[in-house]
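Here is a short briefing on one protein model and its ligand.

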Amino acid sequence: MDFELNEDHLAVQSLVRDFARKNIAPDIKEHDREQKFDPAIFHKMAELNILGLCLPEKYGGAGMDYISLGLACEELEYVDTSARVILSVHIGLNSLTLLSWGNAFQKEKYLVPQAKGEKIATFGLTEPNAGSDAVGIQTTAVKKGGKYILNGEKMWISLADYADNFLIFAWTDLDKKRNRDHSGISCFIVERTFPGVTTGTIHGKLGVRAGNTGWIAMQDVEVPEENLVGKEGEGFGIAMFCLEQGRYTVAGGSTGLIKACLDASVQYSITRKTFEHPIGDHQLVKEMIANMAAGYEFSRLLWLKAGWLRNMGRRATRETSMAKWIACWEAEKASADSVQVHGAYGFSDEYPVERYYRNSKGASIYEGTREIHKLMQADYALGIRDDKPRRCDLPAWPFSDKD
Ligand SMILES: Cc1cc2nc3c(=O)[nH]c(=O)nc-3n(C[C@H](O)[C@H](O)[C@H](O)COP(=O)(O)OP(=O)(O)OC[C@H]3O[C@@H](n4cnc5c(N)ncnc54)[C@H](O)[C@@H]3O)c2cc1C
């Protein structure tokens, strides 16, 4: 087993680290406080080809491997979760899905501009009354001539107010909707400019306040039939595929958040003194630091394994769920402890750890709540759940001309 990052990995890590620390870190406290999303970041990320990082060069991407994507997520979330979320939805949930499930027309029309960063993409599954229970969605897509007419509302959608392209999940078979048979759900590419699409931003969030989260309303939106992704009825499986890629990015990102908590806590423990000693000399503080170090290490190993499986072209649903669940849980614990290590100063925004603490919470809710991942892992262990081959899957890396 080779645990070393290769030269390309180190180059991506250093590029994204430098980018995040120069372009995001200086204003992040203000943006978080003001709940301000700065769309200028898209342009800057596009210039560095980060928005097409692990997409094949023939589609305008940088052609890097899946481990590079995880490393980029680590580095972005080390600075702020909102930056990592961009890669999660744009590459993880949307573009990798078009790469795997999209047809030649969809790749040319949508994937290429997304990979180049000319268009921004996101993912719309959740609705006001359906999150974990994705079969509970109410959005419908009724076929009329060469078009589908979409009606419904999506809620809690990252970049809802900024993305150009959305992957939207809707019922195409209303009988199956009544029977909660998920083989009646289909997936569509919807453009912001399609008449009948309106969006808005949700304010007052606990965390990811420098990011954009909102809603998408669709009223009689005419979607051309060539924007159906996969076949009619494959939408649920595609949604699960999207989430698997998104979870991978969340696992990498949460690992970066743990590292940020660890570094801030170590630094503070060296400088802050109580009872005539640096607080890092006290065993109970050491315990918190040790837990963060351990959490970082095993979260990293878990997502690296999931990335390695992707590079090999192997199914990683189980490993990705484990990596996402554990990294998010460890990030919650590490960020709570990093506030604790900072005492009263951790309770104010003089230090970044209170932002880490607020940001860590969302990741145990989106892309499968902690409870959903626990259920998945128990079901794998009990032999109740198994992964069957999918009609389309992520291409192995290095990409071939066919991908
Ligand atoms: C910041 C943020 C960004 C998001 N971005 C997106 C996005 O880009 N696109 C998108 O589609 N969605 C997005 N979401 C939505 C997210 O995916 C959902 O919030 C998530 O799936 C959980 O659904 P819910 O909030 O409706 O909670 P519910 O499903 O209502 O769950 C409520 C509680 O019940 C528990 N629970 C539910 N079912 C079970 C069960 N069977 N057994 C045990 N416990 C259970 C849950 O774990 C949770 O604790 C985002 C959410 C947030 C907070």
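The crossing of α8 and α12 is left-handed (the near helix is turned anticlockwise from the far one by less than a right angle; clockwise would be right-handed). Helices (H or I, at least four residues) and strands (E, at least two) are DSSP runs, numbered from the N terminus. This is a predicted model: local features need pLDDT of at least 70, side-chain atom pairs count only at pLDDT 80 or more, and totals for chains, interfaces and linings use all residues. Residues are numbered from 1 along each chain as its sequence is written.

**α8 with α12**
- Helix α8 spans residues 235-271 and helix α12 spans residues 353-363; they pack at an angle of about 155°, with axes 11 Å apart.
- Axes are lines fitted to C-alpha atoms, for helices over the stretch in contact, and angles run from 0 to 180 degrees between N-to-C directions.
- The pair α8 and α12 is therefore roughly antiparallel (angles over 145 degrees; under 35 is roughly parallel, 65 to 115 roughly perpendicular, the rest oblique).
- From α8, Val250, Ser254, Leu257, Ala260, Cys261 and Ala264 meet Val353, Tyr356, Asn359, Ser360 and Ala363 of α12 (contact means C-beta atoms, placed from the backbone, within 7 Å).
- The contact of α8 with α12 holds 8 nonpolar, 3 polar and no charged residues.
- Ala, Val, Leu, Ile, Met, Phe, Trp, Tyr, Cys and Pro count as nonpolar, Asp, Glu, Lys and Arg as charged, and the others, Gly among them, as polar.

**α4 with α8**
- Helix α4 (residues 66-79) crosses α8 at roughly 45°, and their axes come within 7 Å.
- α4 and α8 are therefore oblique to each other.
- Their crossing is right-handed.
- Among the contact residues are Leu69, Gly70 and Leu71 of α4 and Tyr248, Thr249 and Gly252 of α8.
- By class, the contact of α4 with α8 has 8 nonpolar, 7 polar and 4 charged residues.

**α9 with α10**
- Helix α9 (residues 283-311) packs on helix α10 (residues 317-341) at about 160°, with axes 9 Å apart.
- That makes α9 roughly antiparallel to α10.
- The crossing of α9 and α10 is left-handed.
- Their contact includes Val285, Met288 and Asn291 of α9 and Glu319, Thr320 and Met322 of α10.
- The contact of α9 with α10 counts 14 nonpolar, 5 polar and 5 charged residues.

**Domains**
- The chain divides into domain 1 (7-120), domain 2 (122-233) and domain 3 (237-382); the bounds come from an automatic or database domain assignment.
- The centres of domain 2 and domain 3, taken over C-alpha atoms, are 30 Å apart.
- In domain 2, 12 residues are in contact with 9 residues of domain 3.
- The side of domain 2 that touches domain 3 has 9 nonpolar, 3 polar and no charged residues.

**Ligand shell**
- Thr126, Gly131, Ser132, Thr369 and Glu371 come nearest among the 22 residues around the ligand (C-beta atom, placed from the backbone, within 6 Å).
- Domain 2 and domain 3 each give the shell at least three residues.
- β1 (121-124), β3 (147-158) and α13 (370-382) each supply at least two.
- By class, the shell has 10 nonpolar, 9 polar and 3 charged residues.

**Backbone details**
- Most residues other than glycine have a negative phi, and most peptide bonds are trans.
- Leucine 159 has a positive phi, near 65°, and lies in the loop between β3 and β4 (165-171).
- A cis peptide bond, with omega about 0°, joins tryptophan 397 and proline 398.
- Proline 398 sits in the segment after α13.

Notes:
Contact = placed C-beta atoms within 7 Å.
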